[in-house]
Amino acid sequence: MSRMAASERRGRLVDAAIAVMVREGVSAATTRAIVAEADMPLGSFHYCFRSKEELLVEVIEVITGHTLELALSEVTGPGDLGERLRRGMRAYWQHVVEEPDEHRLTYELTHYAARQSGLAVVAERQYQTYLAANTRLIEALTDDGGKRLEWEAPVPVLARYVTAALDGVTLLYLNEGNATAAGEALDLVARHVAGLAHPARPGRR
């Protein structure tokens, strides 16, 4: 353990926290439970994280990264804007279908953090992370095969719209269980967002 890099220790603790919370719920993710899951000494937690709040924020960033990288690889690939956007959303959606408990955990984290004294900032940071991720996706789409695009709404507004759509459809699916209908709803969102783009006017960047 002494030879393990700090970043590797943090990664193991985050993975352990996700495993505990998926299996037993957020409230069960005590410091002792997390280090036991990671098979690490108790002092490792305090060496890597200043607080549970810091750990929970990193948990959200890791879970978001699982889908962000999948979506980015699709929206930066070949095809027109509509195709790339649809593939990006479908890549996100495939992860939801394959790892529903991980996504269910994100909603549990929101409610837990909002109700715990001193952890409200975690819920705020959670959605800031989602907005930042969707901003990256929209910015990646802005270069459409070498042609610069303009959007009919500011990128921050689009990011909020996409975040709300993904969040709502995911929550609906996790409670209703109809993956096909949810995927079709996301296809509709993709078509709508693609329709908000047009070639940039000459002289504009």
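1. Let's start with Asp 187: this residue is buried, because its relative accessible area is 11% (buried means under 20% relative accessible area, exposed over 50%, partly exposed in between, using a 1.4 Å probe and protein chains only). Keep in mind that this is a predicted model, where local features need pLDDT of at least 70, side-chain atom pairs count only at pLDDT 80 or more, and totals for chains, interfaces and linings use all residues. Residues are numbered from 1 along each chain as its sequence is written, and side-chain values use heavy atoms, with hydrogens and water left out.

2. Which residue does Asp 187 pair with? Its side chain meets that of Arg 90 in a salt bridge, 2.8 Å from N to O (a salt bridge is a side-chain nitrogen of Lys or Arg within 4 Å of a carboxyl oxygen of Asp or Glu). This pair ties together distant parts of the chain, with Arg 90 in helix α5 (residues 81-98) and Asp 187 in helix α9 (residues 179-194), 97 residues apart. Helices (H or I, at least four residues) and strands (E, at least two) are DSSP runs, numbered from the N terminus. Arg 90 counts as partly exposed, since its relative accessibility is 30%.

3. Searching the whole structure turns up 10 salt bridges. One of them joins Asp 101 and Arg 104 at 2.9 Å, N to O. Both residues sit in helix α6 (residues 100-115), three residues apart, or about one turn of the helix. Asp 101 is partly exposed because its relative accessibility is 42%, and Arg 104 is partly exposed because its relative accessible area is 37%.

4. There's also a salt-bridge network, linking Arg 10, Arg 50, Glu 54 and Glu 58. Within it, the side chains of Arg 50 and Glu 54 meet at 3.2 Å, N to O. Arg 50 counts as exposed, because its relative accessibility is 79%.

5. Now the nonpolar side. The largest nonpolar core has 34 residues, and those touching the most other members are Leu 81, Leu 85, Met 89, Trp 93, Trp 151 and Leu 186 (a nonpolar core is a set of buried Ala, Val, Leu, Ile, Met, Phe, Trp, Tyr and Cys residues joined through side-chain atoms within 4.5 Å). At least two residues of this core come from each of α4, α5, α7, β2 (147-151), α8 and α9, and the largest share, eight residues, is from α8. Apart from this core lies another, of 30 residues, among them Met 21, Ala 29, Ile 34 and Phe 45.

6. What does Met 89 contact, leaving aside its neighbours within four places in sequence? The list is Val 162, Leu 186, Val 189 and Ala 190 (contact means heavy atoms within 4.5 Å).

7. Not counting residues up to four places away in sequence, Ala 165 touches Leu 186 and Val 189. Its C-alpha atom is separated by 9.0 Å from that of Ala 185, 20 residues apart along the chain.
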